[in-house]
Amino acid sequence: MTKSSRHYRVVIVEPSIIISTGLKYLIELKKEFEVSAIIADYYHYTEKINHLLPDVIIINPSVVDVKKRQHLEEIFTELKETAFIALIYQYIEPEVVKQFHAVIDISDDGERIAQKLLHAIDAVNAPPDAAEKNELSDREKEVLIALARGKINKEIAEMYHISVHTVITHRKNIIRKTGIKSISGLTVYAILNNLISINDVE
Amino acid sequence: MEARLFTADMKLAEVIHIDYQLLLLLPRFGMNLGFGDKTVREWCDKSGVSCRLFLMICNVYNCGQYLPGEEEIEEIDVDQLIAYLKRSHLYYLDNRLAAIEQKLNDIGETCPVEHRQILNRFFEGYKNEVISHFEYEERTVFPYILDVTVGSRPKDYRIEVFKENHSNIDDKLNDLKNIIMKYLQGSARGEEKINLLFDIFSLEEDLSKHSLIEDKILVPFVLKLEQRYDKE
């Protein structure tokens with residue numbers, strides 16, 4: 001709330017136009033919020049949402065594919081300082097709700113919604129790690145090279161005496177920093193940056 | 001909702017002016033240019049194209065929020081839809097991917113050998129992924145749908161399988177964008193690199209519309225049919 005002069009960009013992911021339009025109206029009663037997009041499903045617009053770099057995303061969790069147990073951070077890889085807010089008006093598995101920074105209930109009024117949004121924004125922006133650069137750390141480079149050589153998570157964990165969970169964290173960071181997801185794409189990256197030679201990946 | 005939906009009585013030229021990407025649809029439907037002031041309905045009738053289907057696809061392209069109604073979906077001409085999808089596949093492979101490959105090869109000539117090799121290998125991998133994705137649809141999914149449409153239902157397949165495995169083939173395309181934009185160094189062929197990036201961005205957009213058509217029209221259509229058989 002220190003940045004009250006700032007404008008916060010909000011994206012709403014909600015299949016019902018009646019609800020999203022009403023929500024947009026309520027949110028924009030407060031001058032500090034601007035709804036920059038309303039989207040019916042995140043599936044085909046993940047890229048777009050990533051590009052909008054919203055401060056807040058309000059999602060109806062029922063559009064998140066529960067079967068695949070996808071985590072929000074895996075879907076929106078670009079969004080590190082975005083507050084995720086669930087918009088709930090039907091039963092949602094508690095496990096899914098846990099991923100969100102806050103929950104808007106269908107009975108909330110505009111005042112209450114604004115309060116929740118501002119709190120969530122502050123929470124997300126709390127750790128001041130602005131110093132982070134997009135260069136890969138040495139550890140990340142090691143993992144990248146191992147991946148390019150065809151090693152799987154478990155093998156990498158054993159090679160460097162780290163947990164599989166840590167390998168996965170490294171991988172997420174590598175993807176976030178490079179913008180490259182596939183192993184073959186990361187291999188190209190490794191060779192273009194002279195981390196390995198093409199003979200290493202035959 | 002900012003985008004309005006297209007209707008059968010709009011002039012086709014007007015529709016294209018609103019969203020020029022829809023030009024891509026014409027050859028896939030076997031429709032020609034030179035439509036003068038004909039309405040969408042008139043030009044569809046003249047070309048033997050289902051106006052309902054054509055509009056539905058136009059609206060999926062143009063309006064992110066558009067979801068065709070259930071009854072509307074039940075009445076689509078599924079033969080034409082599948083023919084459209086197949087022609088789109090052909091177009092992506094022969095036209096778009098071929099153009100990207102050509103540009104990538106040209107650019108590769110100015111790179112160190114290793115870099116060229118790995119770029120080519122990467123693209124080859126992507127292309128094979130796309131081909132097998134299309135082949136799966138054409139050999140398994142489409143024949144299944146046509147079977148279901150005429151009333152015989154093979155027991156060993158459900159459209160649900162397709163729906164759940166309808167994976168993104170765009171990860172690698174996105175990777176390629178970043179590779180060229182962020183990591184391919186050197187001043188040579190700068191213009192060609194930009195052109196290539198334009199090609200990739202626009203292919204990516206078109207492919208995402210393509211899978212929207214499958215998800216919003218094709219899958220619901222088949223689900224509906226399957227439900228009907230389940231009740232019988």
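## Helix packing in chain B

In this predicted model, α7(B) and α10(B) pack with their axes 10 Å apart, at an angle of about 45°. Angles between 35 and 65 degrees fall in the oblique class. The two helices are therefore oblique to each other. Their crossing is left-handed.

From α7(B), the contact uses B:Ile145, B:Val148 and B:Thr149. From α10(B), B:Val222, B:Leu225 and B:Glu226 take part. By class, this contact has four nonpolar residues, one polar and one charged.

## Interface between the chains

Chain B places 21 residues in contact with 20 residues of chain A. On the chain B side, α7 (113–149), α9 (171–183) and α10 (190–231) each give two or more residues. α9(B) gives the most, with eight. The chain B side comprises eight nonpolar, eight polar and five charged residues.

## Sheet in chain A

Strands of a sheet pair through backbone hydrogen bonds, either parallel or antiparallel. In chain A, the pairing is parallel. Five strands form an open sheet, ordered β2-β1-β3-β4-β5. β2 (33–39) and β5 (102–105) of chain A are the edge strands, and each pairs on one side only. From one strand to the next, the twist averages 25°.

Four bridges join β4 (residues 83–88) of chain A to β5(A), in the parallel sense. One residue pair to locate is A:Ile85 with its bridge partner in β5(A), A:Ala102.

## Helix across the sheet

Helix α1 (residues 17–28) of chain A lies across β1 (8–13), β2 and β3 (56–59) of chain A. α1 runs at about 170° to β2(A).

Conventions. Residues numbered from 1 in each chain as written. Chains lettered and ligands numbered in written order. Predicted model: local features only at pLDDT ≥ 70, side-chain atom pairs only at ≥ 80, totals over all residues. Contact = placed C-beta atoms within 7 Å. Nonpolar A, V, L, I, M, F, W, Y, C, P; charged D, E, K, R; others polar. Axes fitted to C-alpha atoms, helices over the stretch in contact; angles between N-to-C directions. Parallel < 35°, antiparallel > 145°, perpendicular 65-115°, else oblique. Left-handed = near helix turned anticlockwise from the far one by under 90°. Pairing = 2+ DSSP bridges.
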